[in-house]
Amino acid sequence: MQSAVSLSLSSPSSVARSGLTSSHNAPLLTPGSLRFCGLRVEAFHSKSSLLTSSSRLDRLYVNSNLIKVVAASKDNGAPSNSHFDYDLVIIGAGVGGHGAALHAVEKGLKTAIVEGDVVGGTCVNRGCVPSKALLAVSGRMRELQNEHHMKSFGLQVAAAGYDRQAVADHANNLASKIRSNLTNSMKALGVDILTGFGTILGPQKLKYGKRDSGDTVITAKDIIIATGSIPFVPKGIEVDGKTVITSDHALKLEFVPEWIAIVGSGYIGLEFSDVYTALGSEVTFIEALDQLMPGFDPEIGKLAQRVLINPRKIDSHIGVFASKITPAKNGKPVQIELIDAKTKEPKDTLEVDAALIATGRAPFTQGLGLENINVQTQRGFVPVDERMRVINADGKLVPHLFCIGDANGKMMLAHAASAQGISVVEQLSGNDHVLNHLSIPAACFTHPEISMVGLTEPQAREKAEKEGFEVSVAKTSFKANTKALAENEGEGLAKLIYRPDNGEILGVHIFGLHAADLIHEASNAIALGTRIQDIKFAVHAHPTLSEVLDELFKSAKVKIGAPGQVVEPVPV
């Protein structure tokens with residue numbers, strides 16, 4: 001489960017333009033020569049002589065170069081510079097740190113990763129992974145409960161039920177399996193896993209350890225901060241972990257309340273509403289903005305609300321803050337005091353069985369020792385440039401120090417963190433590498449799913465007005481797709497936002513069956529600079545859902561004589 005996407009549309013940091021470079025001597029190239037990276041996460045089982053894949057986070061990657069890396073990394077080698085204990089130390093073993101560590105070993109760097117909690121971070125243990133297990137259950141429950149849907153296939157199904165503890169165990173077991181896979185993959189490649197909390201002591205020096213076992217000081221040529229985030233809880237809300245909970249607690253599914261209020265209707269809130277309503281709960285959304293599902297493309301959000309919210313046992317209070325939430329105690333239910341978001345005047349008081357706080361996430365950057373290197377966080381985030389290089393309080397780059405993932409706030413998604421980590425390692429290997437965040441997709445795993453990449457229509461039109469170009473929109477419906485109709489899942493829409501003068505893809509938004517899987521054709525096209533006039537000739541298997549994208553690109557009207565592939569992609 002992911003928090004809302006935070007993506008700046010402004011130009012790259014002025015620090016990067018000033019000519020400042022870090023002392024690892026990575027060459028600065030022109031935009032036309034920049035390489036853009038995507039996400040690759042590899043996980044291997046150390047208990048077997050074969051490298052095998054067992055999950056969505058694990059991918060078999062076999063070639064001669066990797067075999068050489070595996071053979072050479074049994075003892076993690078020696079640092080390239082004898083003055084340091086390691087070439088690279090990563091603080092935080094979440095998905096971002098894991099991706100960076102594996103890529104570093106592949107590049108021949110002696111690598112260690114420091115983790116004070118458990119390997120896998122938020123995504124594996126308290127986010128993306130266990131939430132997908134719960135959503136898999138909710139999807140099946142929703143289908144079995146839909147008598148009309150079943151009858152349309154000629155199927156007769158008795159009343160569906162569930163075992164709460166078995167559902168919770170499914171989520172927990174999946175998280176444990178993926179956590180084990182990530183740990184084994186790093187051990188198999190020789191990454192040193194150092195247990196404890198990491199603190200930077202000064203340039204290229206840090207310590208790690210548990211509070212009760214003392215600290216160990218190590219040195220590294222380069223350091224990556226990858227400490228992730230924690231649930232954000234606004235003031236006035238008392239979390240007891242039982243009746244007033246965050247996503248961390250909700251994923252344990254210790255009970256299913258009859259009526260639960262969800263504070264926030266972004267990714268986290270929307271996915272949990274899908275789970276709770278499928279399991280029989282009534283849901284009330286509390287949203288500070290004047291519409292539900294802020295952050296989504298408005299047209300997609302409107303359709304999604306009609307399908308995901310209106311027919312279900314969900315009501316909402318919009319334009320209000322939950323100024324105070326008191327857990328259930330002494331036989332009294334959870335008390336929620338609402339105030340107007342603009343006037344701050346009291347609006348209402350709700351009494352519910354439980355409240356889930358889904359108001360986003362906050363960076364986990366306390367205790368990193370940033371004051372030792374003159375770095376000041378901004379709302380808790382570590383300031384970085386477009387190459388993930390840390391910027392100090394004087395606006396200068398801190399040599400040999402990088403920050404990736406939720407801790408820098410550029411885009412709070414697990415796969416974005418991994419892509420940023422891989423980009424940093426490329427720089428450390430002598431390849432200047434800038435990640436185009438506009439090419440990174442996001443998804444909400446409701447039923448049906450929502451996915452997106454690039455700009456929303458309002459963002460694109462705002463950009464067009466500033467830069468002086470035209471914006472066009474193309475749409476296709478799932479109702480015209482054979483595979484979707486075969487599944488009786490014709491409710492859905494794909495939307496393309498583009499420039500008709502040159503065929504540049506500005507954004508793609510999908511609501512419908514397997515939208516989270518379909519978005520990658522569009523995201524890869526943006527990453528590679530592929531124009532509509534080129535991608536519309538791609539061939540898609542029939543009948544498949546991928547033809548939704550095929551029809552979408554074919555329906556776009558690009559002016560005759562428009563140039564082909566993007567020559568100079570601009571880093572964001």
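# Reading a predicted protein model

User: Which residues make the nonpolar surface patch of about 310 Å²?

Analyst: L144, F153, L155 and V157 form that patch, with an area of about 310 Å². Patches are built from residues with over 30% relative accessible area and no salt bridge; nonpolar side chains (Val, Leu, Ile, Met, Phe, Trp, Tyr) are joined within 5 Å, like charges within 9 Å. Accessible areas come from the Shrake-Rupley method with a 1.4 Å probe, and for residues only the protein chains shown count as cover. Before we go on, please note that this is a predicted model, where local features need pLDDT of at least 70 and side-chain atom pairs count only at pLDDT 80 or more, while totals for chains, interfaces and linings use all residues. Residues are numbered from 1 along each chain as its sequence is written, and side-chain values use heavy atoms, leaving out hydrogens and water.

User: Where is F153 found, and is F153 buried or partly exposed?

Analyst: The general idea is a scale: buried means under 20% relative accessible area, exposed means over 50%, and partly exposed lies in between (1.4 Å probe, protein chains only). F153 has a relative accessible area of 35%, so F153 is partly exposed. You can find F153 in the loop between α6 (147-152) and α7 (164-189). Helices (H or I, at least four residues) and strands (E, at least two) are DSSP runs, numbered from the N terminus.

User: Which residues form the negative surface patch?

Analyst: For charges, Asp and Glu count as negative and Lys and Arg as positive, while His and the chain ends are not counted. The place of a charge is taken as NZ of Lys, CZ of Arg, CG of Asp or CD of Glu. Here the negative patch consists of E258, E282, D315 and D353. D353 sits in the loop between β14 (346-352) and β15 (354-357), and its relative accessibility of 35% makes D353 partly exposed.

User: Thanks! How many helices and strands does the protein have, and what share of its residues is buried?

Analyst: The protein has 17 helices and 23 strands. Of its 572 residues, 55% are buried. The accessible surface comes to about 25000 Å², and carbon and sulfur atoms hold 51% of that. Another overview uses contacts, meaning heavy atoms within 4.5 Å. Among contacts between residues at least 6 apart in sequence, 67% join residues at least 24 apart.

User: How many salt bridges are there?

Analyst: A salt bridge is a side-chain nitrogen of Lys or Arg within 4 Å of a carboxyl oxygen of Asp or Glu. By this rule there are 23 salt bridges. One of them pairs K107 with E426, their closest N and O atoms being 3.2 Å apart. K107 belongs to the loop between α3 (95-106) and β2 (111-115) and E426 to helix α11 (residues 414-428), so this pair ties together parts that are 319 residues apart in sequence. K107 is partly exposed at 36% relative accessibility, whereas E426 is buried with a relative accessible area of 4%.

User: What does the salt bridge between D297 and K495 tie together?

Analyst: In this pair, the closest N and O atoms are 2.9 Å apart. D297 lies in the loop between β10 (282-287) and α10 (298-308) and K495 in strand β22 (residues 493-498), so the bridge links parts that are 198 residues apart in sequence. Both D297 and K495 are buried. Salt bridges that share partners also join D297, E299, E457, R461, K475 and K495 into one network.

User: Which residues does R312 touch, leaving out those up to four places away in sequence?

Analyst: R312 touches R142, D274, T277, V307 and H447. R312 is in the loop between α10 and β11 (314-318), and R312 counts as buried at 14% relative accessibility.

User: H447 is on that list. Is the peptide bond from H447 to P448 cis or trans?

Analyst: That bond is cis, with omega near 0°. P448 lies in the loop between β19 (442-444) and β20 (449-454). Another cis peptide bond joins H542 and P543, where omega is about -5°.

User: What about phi of M388?

Analyst: Phi of M388 is near 70°, a positive value in a residue other than glycine. M388 lies in the loop between β16 (361-363) and β17 (389-391), and M388 is buried with a relative accessible area of 1%.
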